[in-house]
Amino acid sequence: MQSVTVLFGKPGAGKGTRLSEFLETTDKEFKILSVGNLLRQARSERTELGKKAATYMDAGLLVPDDIINEIVIDGICESSEPIISDGFPRTIGQAQAMLEAGIKPTVVDFYVDDDVVLERAQNRIVCENCGEPYTTNEFKHPKVDGICDKCGGHLCKRSDDSPEVTKNRLDVYKRETLPVLNLFKENHVNVYTINNDNKSEDAKIQFAKLMVE
Ligand code: AMP
């Protein structure tokens, strides 16, 4: 059966950062599915998908399930490598589509408080080219200001990291995404919660342990 690990949690919970740290320490090959990065790329290439997604993203809303399921489910089923999914599923409809396709993931739920999310959104910058996240504070500062350590791309603020849109994204998370955890538990999916509030190494170690089990 297809091996899929779902990274779950509020926007700004640190899913992308933990994932990037883990990938630097492993030789294992994974297919990384980041719907947010796929959509941002589609926007910068001005594709039909990108144009459809833009208004939802700028308002901090989720892109409708039919669009998301169409671009994601087949890709998961066809992958020969284990998959790590950052940001899918985010609704009951997406999770049901996943379970109906016979995909039973392992879920890693990164917990953070709302005030941490708001602070992180203010400090976050991302690579325009590869999506790698950085911070304007010392937590994950790029080696050269404004330049991605990984690909040399230009770093910028995300348009949806403003305080208003971040609050909206938190509301959407609680209303539409959080119930997915219960659906998974009802379907006997393993859900592991990691507290990712602090900046200590604990969360990093716990995540790496789960990924090699
Ligand atoms: P992210 O980079 O994961 O924070 O996602 C950025 C934005 O992309 C979200 O606020 C949504 O507008 C959209 N998006 C990402 N993943 C999904 C998803 N699974 N379902 C619907 N919209 C999504």
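## Thr135 and its strand

Thr135 sits in strand S6. This is a predicted model. Is Thr135 buried or exposed? Thr135 is buried, because its relative accessible area is 13%, under the 20% cut-off. Its side chain reaches the backbone nitrogen of Lys140 at 2.7 Å.

Strand S6 belongs to an open sheet of three strands. The order is S6-S5-S7, and the pairing is antiparallel. Strand S6 (133–135) and strand S7 (155–156) are the edge strands. Each of these two pairs on one side only. Strand S5 covers residues 124–127 and pairs with S6 over three bridges, in the antiparallel sense. Which residue of S6 is the bridge partner of Val126? That partner is Pro133.

## Strand S1, an enclosed strand

Strand S1 runs over residues 4–9. Six of its six residues are buried, so S1 is largely enclosed by the rest of the structure. In a regular strand, side chains alternate between the two faces of the sheet. In S1, both faces are covered. Val4, Val6 and Phe8 are buried on one side. Thr5, Leu7 and Gly9 are buried on the other.

Strand S1 has parallel pairings with S3 and with S4. Strand S3 (residues 83–86) and S1 share four bridges. Here Thr5 stands opposite Ile84. Strand S4 (residues 106–111) and S1 share five bridges. Here the bridge partner of Leu7 is Val108.

## The ligand and its surroundings

How many residues are around the ligand? There are 15, and Arg40, Leu61, Gly87, Arg90 and Gln94 come nearest. The shell divides into seven nonpolar, three polar and five charged residues. Helix H2 (residues 35–44) gives the most to this shell, with four residues.

Several polar atoms of the protein lie by the ligand. A polar backbone atom of Leu61 is 2.6 Å from an oxygen atom of the ligand. A backbone N or O atom of Gly87 is 2.8 Å from a ligand nitrogen atom. Arg158 takes part through its side chain: an N or O atom there lies 3.0 Å from a ligand oxygen atom. Taken alone, the ligand exposes 480 Å². The protein buries 95% of that area.

## Cysteines without disulfides

A disulfide is a covalent bond between the sulfur atoms of two cysteines. How many disulfides does a search of the whole structure find? The search finds zero.

Cys148 is in no disulfide. The nearest cysteine sulfur to Cys148 is that of Cys130, 3.8 Å away. A disulfide needs the two sulfur atoms within 2.5 Å. Cys148 is buried, with a relative accessible area of 3%. Cys156 is in no disulfide either. For Cys156, the nearest cysteine sulfur belongs to Cys127, at 7.9 Å. Cys156 is partly exposed, with a relative accessible area of 23%.

## Val117 in helix H6

Val117 has its place in helix H6 (residues 114–123). Val117 is buried, because its relative accessible area is 1%, under the 20% cut-off. Val117 and Asp58 are 59 residues apart in sequence. In space, their C-alpha atoms are 17 Å apart.

## Backbone details in the loops

Which two residues does a cis peptide bond join? The bond joins Phe88 and Pro89, and its omega is about 0°. Pro89 lies in the loop between S3 and helix H5 (92–100).

Arg46 has a phi near 50°, a positive value in a residue other than glycine. Where is Arg46 found? Arg46 is in the loop between H2 and helix H3 (48–58). Arg46 is exposed, because its relative accessible area is 67%, over the 50% cut-off. His188 also has a positive phi, near 60°. His188 lies in the loop between helix H8 (179–186) and strand S8 (191–195). His188 is exposed, with a relative accessible area of 64%.

Conventions:
Residues numbered from 1 in each chain as written. Predicted model: local features only at pLDDT ≥ 70, side-chain atom pairs only at ≥ 80, totals over all residues. Heavy atoms only, no water. Near = heavy atom within 4 Å. Polar contact = N/O pair within 3.5 Å; in protein donor to acceptor, adjacent residues only side chain to side chain. Areas by Shrake-Rupley, 256 points an atom, 1.4 Å probe, with all protein chains shown as cover. Nonpolar A, V, L, I, M, F, W, Y, C, P; charged D, E, K, R; others polar. Buried < 20%, exposed > 50% of the residue type's maximum accessible area, 1.4 Å probe, protein only. Pairing = 2+ DSSP bridges.
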